[in-house]
Amino acid sequence: MQLVDVPKSPFVCRNLVGGQWQEPKDVAWQDIVSPYNGQVVGRVPLCGPKEVAEIVAKAEPAARAWRLVPLKERTQLLFRFRELVMANLERLSQVAALEAGKTVAEARAGVLKGVEILEFALSLQNMDAGDAMDVSRGVKCTTVREPLGVVAGISPFNFPAMVPMWLFPSAVTLGNAFLLKPSEKVPMAACVLGELMIEAGYPAGVFSIVHGAKDAVEAVVDNEGIKAVGFVGSTKVAKLVYGRAAALGKRSLCLGGAKNHLILVPDADPAVAVDGVVSSFVGCAGQRCMAASVMVAVGDCESLIEKITARAKAIELGKDMGALIDSAATARLTEALAIAEKEGATIRLDGRKVPAPAGYEGGNWLAPTIIDNAKGSFDCATRELFGPVLSIVRVKSLAEAIEFENANNYGNATSVFTSSGAVAEHVATNATSGMVGINIGVPVPREPFSFGGNKDSRFGVGDMTGAGGVELWTYLKKVTTKWELHSDHNWMS
Ligand code: NAD
């Protein structure tokens, strides 16, 4: 069975510089390897300060002209871009699946979630009018949101099209020029988005792409012409980028990793809970910053856990669940399972024993895995594993479950499965995560309810999407105006 389309010739990723595709000279190149079978499907250049400077030099004049185009006119191009994304949905989904190892259905869902975020940017033209008030006789204050100039976004491997679309539609619609640095592991979907931005008619330099890894990220943060950085990735790198930007006095918002808790209560409706738990920890092979990672079973949840295990066991590799991003991820998870066993946990469902789909033996596969009887202090119960592995920690009370959740450094998502309104309310009130789900395994808010975590899952203020994105990509200008002298009144006159 063919799981994903593989193009006949490898995809060569180029930078998008001043509206032109450019192959950088004198830089190292890296193979793009499909997680499905280990096949080289493309090549990506690893750029640095020189390539970033060249792009910014072209983007700066573009930003100066673009900010003067009225918001409603800027938005028309985003409508066109949205149409092009929808017309190219299958192509984008196949490319994202091929490079990230997702099933094509998951990749398609990711693109469509990106379109939802984009639609928030389409609505800005009706919302971003600013305020006005006569603050004194003859004196009026108005506010307007001004773009920053050239801004940048840095994205992770796990959503090749969606995370870039969290970032650039709002930034560009608000009048900035935008430089995207996609993950070097999944740069091909970003190139397709670049093609569609050109086809949509954006002026040269308003949307640019630079490829690369650590050096490219550092060059983006350090470049004086780049006025703000939005980052999405691991906590380790989010912290580095946030610190580096702050040291330069640069605005940034950096979303990091996660260790998401699912609190399971015996009164949960099995029809809702079993599907909610399993789809949360196996979806995108657990490589989602919103994936369930540790399930805190309060009291006797044995019959629910049996059903969850049976459902997870029935997941078919390749058909229902994709691959891990690379062999390093497989090795990391294999090691984590060995540590769990050494610490005294039991492997209730062992995905290591499930063979790869036929014809895809060269890929990175791990079937759903459930670790049972983990203690709250175990490595598997506290560290982000980022794979289709669910660790079960058993506790006696809801208070103990909340205490465990609160103690974790991460704070992206927490969900509870229960039939009790009081239990749900208690968890929603006391969880420390930025996003809470009641009977929902992946509590990603739908726009305009914005996306963003808490604690070590987010560095900076505000959320990445929705109103938070507007804060990130603009500054608020206050204009105070007087046209005539009112001699009977002297405050501010
Ligand atoms: P990553 O941090 O390794 O990479 C993210 C970006 O940083 C990439 O563009 C990469 O090129 C760059 N990078 C990598 N190492 C760097 C370094 N040392 N210095 C500077 N830049 C560097 O993350 P990843 O493995 O691509 O993605 C998975 C991680 O992202 C997980 O931890 C996941 O939880 C997190 N994530 C978080 C969210 C969120 O919204 N909070 C969303 C998606 C993914």
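Reader: Which residues lie nearest the centre of the second largest pocket, and how many residues line it?

Author: Happy to take you there, with the reminder that this is a predicted model. The second largest pocket has 14 lining residues, and those nearest its centre are I32, V33, K185, I325 and D326. Its volume comes to about 160 Å³. Strand β4, residues 28–33, supplies the largest share of the lining, with four residues. Sorted by class, the lining holds five charged, five polar and four nonpolar residues. Both domain 1 (11–256 + 457–477) and domain 2 (260–438) contribute at least three residues each to this lining.

The shell around the ligand counts 26 residues, and S155, E184, S234, G256 and E384 come nearest. By class, 14 of the shell residues are nonpolar, eight are polar and four are charged.

Now for the contacts themselves. In the side chain of E184, an N or O atom sits 2.6 Å from an oxygen atom of the ligand. For E384, a polar side-chain atom is 2.7 Å from a ligand oxygen atom. S155 uses its backbone instead: an N or O atom there is 2.8 Å from an oxygen atom of the ligand. On its own the ligand would expose 840 Å², and the protein buries 89% of that.

Methods: Residues numbered from 1 in each chain as written. Predicted model: local features only at pLDDT ≥ 70, side-chain atom pairs only at ≥ 80, totals over all residues. Heavy atoms only, no water. Near = heavy atom within 4 Å. Polar contact = N/O pair within 3.5 Å; in protein donor to acceptor, adjacent residues only side chain to side chain. Areas by Shrake-Rupley, 256 points an atom, 1.4 Å probe, with all protein chains shown as cover. Nonpolar A, V, L, I, M, F, W, Y, C, P; charged D, E, K, R; others polar. 1 Å grid on protein atoms, 1.4 Å probe; cavity = no way out; pocket = protein on both sides within 12 Å on 5 of 7 lines; lining within 4 Å. Points joined across faces, edges and corners; volume = space filled by probe spheres on them. Helix = DSSP H or I, 4+ residues; strand = E, 2+ residues; numbered from the N terminus. Domains from an automatic or database assignment.
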